[in-house]
Amino acid sequence: MVEIMHKLSLYFQFPFVQYAMIVGVLIALCASLLGVILVLKRFSFIGDGLSHVAFGAMAIATVVGLTTDMLITMPITVLCAVLLLRKGKRSKISGDATVAMVSVASMAIGYLLVNIFSTSGNLSGDVCSTLFGSTSILTLTNTEVWVCIVLSALMIAVFIIFYNKIFAVTFDENFARATGTPASLYNLIIAVVVAVVVVLAMNLVGSLLISALIIFPTLSAMRLFKSFKSVVICSAIVSVLCAVIGMLVSIVAGTPVGSTIVVANIAVFGVFWLIDIIRGSR
Amino acid sequence: MSQLSCKNLNIGYGSKTIIDNLSFEVESGEYLCIIGHNGTGKSTLMRTILRLQPLNSGSITLDDGVKLNEVGYLPQQTPAQADFPASVWEIVLSGCLNRCGVRPFYNANEKKRANHYIDMLEITPLSKRCYRELSGGQQQRVLLARALCATHKMLLLDEPTASLDPDATQELYRLIKDINQKEGITVIMISHDLTVATQYCDKVLKLGDSPFYGTRTEYIQSMQIEHNDNQGGEVNG
């Protein structure tokens, strides 16, 4: 135990570990807030679809040779989010099919582009780290950390300011519309926020594991809590705790950050689920 | 004075017309019941009045100081609500959202208003409970309280008793009649149930093949005439 503490305190002297910790906690917090909306609106898969879009966009950024790939990934992902969440009423392909189509298409195109134009010698290593986020959280530059902090703070502010409106639109869009709430505007805001969080979260867990970060805390919280506010608060706490534990374990044990965080989330879900069953059988 | 007047409505989805050339008026404090078979456009009419869907032609005007966002609405339940974690209090309070405007949080007045309607609909003991654990009748009361929070003039109810047992149905009818009489709120209700059309409401609007619009007494008479005609037909045939 003493040894582990010693090891941790040694690691925490490095600025990049501190950065990773700050960014990880903020991203986990944002993802969990967003997760509540997406799970309850039955949009759980949007996060997954968008993360694939972000992967494709990142490939384009690599090919073009941009150093800050967020300049390309952010706009493309936001655009796709808006289009996907608009739930085209007149479209001939149903909502879930559209998400699946867009997500695999951008995945394929992204990998193809990287393969054709890659200048790096370690192609599969690059792709793997984009997909599973193995090291990117530890290699963040100063600017990226600040961008992360500002965007997360903005997202949390938006969530708090529009909390009551988001609740109304999520619970019953028809009623909200009928009583004069501009539901489409809030859906648009939600779409933009989803895209921003997905792009940010790619650094932490990689594009394949983002939806775990988004849906697990909410699903865990829903096992135990019955009101919207308590679900929001509980999922935020669960998400931040899992992120911290996941990152600490991965530092000590040398496991990949993303998957460790997700495994922590799965464990919490299992525990909450068991508690729910035990409570129910009484 | 008329609170809602609809003139020569043509309603439908895109080019498909469901209701054509419909006109009716609802006076302040009146209780109108909309009946008709499935697919005759009852819900579509209500959604059009609420501007949830575009009007093909004709005009819908709200008078008597009612603004569009001051109409209370009780929609049919959506499947997503079945497992939504929300307390009764949170849901009822969300009916006050149209009073907030750009203000992000509810003020004391709005909370008082939510409490008032929770009391009135006799769901005070449930206010901390989770919506998805309530019975069908309790859930409808919660949604009714929310609709009342949103309005002080007019309520639109889309088959509020669709999934209720007979006792809960009668209870809800009594509450709605109370709201209509004691609070003076105009009620427009879609129903499959003829007891509303023949016992509770002031006026009846029937959509479909044999449309009807008139007072409840006129409707009962027209039903009797139709009934006699049918019996006469059988004897002659």
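A salt bridge is a side-chain nitrogen of Lys or Arg within 4 Å of a carboxyl oxygen of Asp or Glu. By that criterion the structure holds 13 salt bridges over all chains.

This is a predicted model, in which local features need pLDDT of at least 70 and side-chain atom pairs count only at pLDDT 80 or more, while totals for chains, interfaces and linings use all residues. Residues are numbered from 1 along each chain as its sequence is written, chains are lettered from A and ligands numbered from 1 in the order in which they are written, and side-chain values use heavy atoms, with hydrogens and water left out.

**First stop: a salt bridge within chain A.** Select A:Glu173 and A:Lys41, whose side chains form a salt bridge with an N to O distance of 3.4 Å. A:Glu173 belongs to helix 9 (residues 173–178) of chain A and A:Lys41 to the loop between helix 2 (15–40) and helix 3 (44–64) of chain A, so the pair ties together parts 132 residues apart in sequence. Helices (H or I, at least four residues) and strands (E, at least two) are DSSP runs, numbered from the N terminus.

**Second stop: two helices of chain A.** Select helix 10 (residues 183–205) and helix 11 (residues 210–224) of chain A, which pack at about 105 degrees with their axes 8 Å apart. Axes are lines fitted to C-alpha atoms, for helices over the stretch in contact, and angles run from 0 to 180 degrees between N-to-C directions. Helix 10 and helix 11 of chain A are therefore roughly perpendicular, a term for angles of 65 to 115 degrees. Contact means heavy atoms within 4.5 Å. A:Val198, A:Ala201, A:Met202, A:Leu204 and A:Val205 of helix 10 meet A:Ile210, A:Leu213 and A:Ile214 of helix 11.

An open sheet of three strands shows the order 2-1-4 in chain B, with antiparallel pairing; two strands pair if DSSP finds at least two bridges between them. Its edge strands are strand 2 (16–27) and strand 4 (57–62) of chain B. Five bridges join strand 1 (residues 2–13) of chain B to strand 4 of chain B, and B:Ser5 stands opposite B:Thr61 in strand 4 of chain B. Helix 1 (residues 42–49) of chain B packs on the sheet, touching strand 1, strand 2 and strand 4 of chain B.

**Last stop: between the chains.** The contact takes 26 residues from chain A and 36 residues from chain B. Finally, select B:Arg146 and A:Asp172, which form a salt bridge with the closest N and O atoms 2.8 Å apart. The count between chain A and chain B is three salt bridges.

Key: Parallel < 35°, antiparallel > 145°, perpendicular 65-115°, else oblique.
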